[in-house]
Amino acid sequence: MSAENTSGFIQTQIDHKIAFLTFSHPASNSFPSDLLQKLTDELNALSNNAEVNVIVLQSDGKNFCAGASFDELLSVANLEDGKKFFSGFANVINAMRNCSKIILGKIHGKAVGGGVGLAAACDFAYAYQDASIKLSEIAIGIGPFVIEPALSRKIGKTAMSVLTLQPNHWHTADWAVEKGLYADVFDSYSELNDATLAMAKRLAGYNPDALTAMKKVFWEGTEHWDNLLYERAAISGLLALSDFTKNALNEFKK
């Protein structure tokens with residue numbers, strides 16, 4: 001199944017109980033709101049699909065994910081629009097958290113902002129050696145408020161603060177492994193592909209009821225995220241209206 005538009009697509013292929021969920025966008029796999037909603041809808045559908053035991057989340061192109069669409073962020077004109085825009089990643093993270101299937105991330109390239117949040121919301125993630133990460137939000141006058149709970153849950157507040165306060169610094173995939181974001185890092189795409197497929201096959205062969213029950217255990221204590229992430233989206237939406245952010249985005253675009 002697939003959901004496509006002229007500026008990107010969400011596509012799923014199911015093979016032997018494994019759902020390969022791929023997203024793509026020509027702007028370094030950044031996410032406009034409509035694509036985020038399609039990803040949310042697809043995750044919810046797969047959660048209820050009895051033919052799926054495990055989901056592999058992956059993307060096309062050189063980079064894994066560049067986060068939110070800057071062009072769309074520039075068009076935010078009021079608080080309601082801002083909250084709605086940042087709620088896109090809140091919807092996806094909550095869909096990943098509430099999904100009944102284990103989500104295995106294949107992080108094949110760089111991740112920025114919301115892309116780091118997607119990696120953190122996976123239940124398990126493998127990465128390629130070039131899958132470095134960066135949180136650039138504070139440099140443009142906002143902050144990684146929506147993804148912070150998912151990222152802090154994985155790497156802790158200290159590492160989260162290091163990422164947040166170094167918005168122009170790329171942290172290596174090895175650093176991300178050390179902090180717990182990735183389970184392992186591989187020196188070639190073929191090794192990453194082989195390891196991801198092998199892990200997915202193992203998971204697909206386990207008792208699906210046991211996997212679902214364990215997933216609930218993994219995410220215990222996050223029930224309040226149903227409200228928290230949208231409160232965080234409102235904070236980001238308000239900050240996005242500032243002159244600082246508008247000027248910073250225009251400079252970045254140049």
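1. Tyrosine 128 stands opposite phenylalanine 186 in strand β9. Strands β7 (residues 124–128) and β9 (residues 184–186) run parallel and are joined by three bridges. Two strands pair if DSSP finds at least two bridges between them. The strands and helices named in this note are DSSP runs (E, at least two residues, for strands; H or I, at least four, for helices), numbered from the N terminus.

2. This is a predicted model, in which local features need pLDDT of at least 70 and side-chain atom pairs count only at pLDDT 80 or more, while totals for chains, interfaces and linings use all residues. Residues are numbered from 1 along each chain as its sequence is written, and side-chain values use heavy atoms, with hydrogens and water left out.

3. Strand β7 also pairs with strand β5 (residues 102–107): the two run parallel, with four bridges between them. Isoleucine 107 has alanine 127 of β7 as its bridge partner, and glycine 105 stands opposite alanine 125 of β7. Strand β7 is mostly covered, with four of its five residues buried. Buried means under 20% relative accessible area, exposed means over 50%, and partly exposed lies in between (1.4 Å probe, protein chains only).

4. Strand β5 is joined to strand β4 (residues 54–59) by four bridges, and these two strands run parallel. Valine 56 has leucine 104 of β5 as its bridge partner. How many of the six residues of β5 are buried? Six of the six are, so β5 is largely enclosed by the rest of the structure. Ile102, Leu104 and Lys106 lie on one side and Ile103, Gly105 and Ile107 on the other, and both faces are covered.

5. Two packed helices are described by the angle between their axes and the distance between the axes. For helix α3 (residues 79–98) and helix α4 (residues 114–121), the axes come within 9 Å and cross at roughly 10°. The helices therefore count as roughly parallel. Axes here are lines fitted to C-alpha atoms, for helices over the stretch in contact, and angles run from 0 to 180 degrees between N-to-C directions. Angles under 35 degrees count as roughly parallel, over 145 as roughly antiparallel, 65 to 115 as roughly perpendicular and the rest as oblique.

6. The contact (heavy atoms within 4.5 Å) is made by Phe89, Val92, Ile93 and Met96 of α3 and by Gly114, Leu118 and Ala121 of α4.

7. Tryptophan 225 is in helix α9 (residues 225–239). Is this tryptophan 225 buried or exposed? At 4% relative accessibility, tryptophan 225 counts as buried. Not counting residues up to four places away in sequence, tryptophan 225 touches Ile93, Asn94, Arg97, Pro149, Ala150, Arg153 and Trp219. The C-alpha atoms of tryptophan 225 and alanine 150 are separated by 9.5 Å, although the two are 75 residues apart along the chain.

8. Histidine 171 is found in the loop between α5 (148–164) and α6 (173–179). With a relative accessible area of 5%, histidine 171 is buried. Its contacts, not counting residues up to four places away in sequence, are Ser132, Ile133, Val162, Leu163 and Gln166.

9. The structure holds zero disulfides, a disulfide being a pair of cysteine sulfur atoms within 2.5 Å. For cysteine 65, the nearest cysteine sulfur is that of cysteine 122, 11 Å away. Cysteine 65 counts as buried, at 1% relative accessibility.
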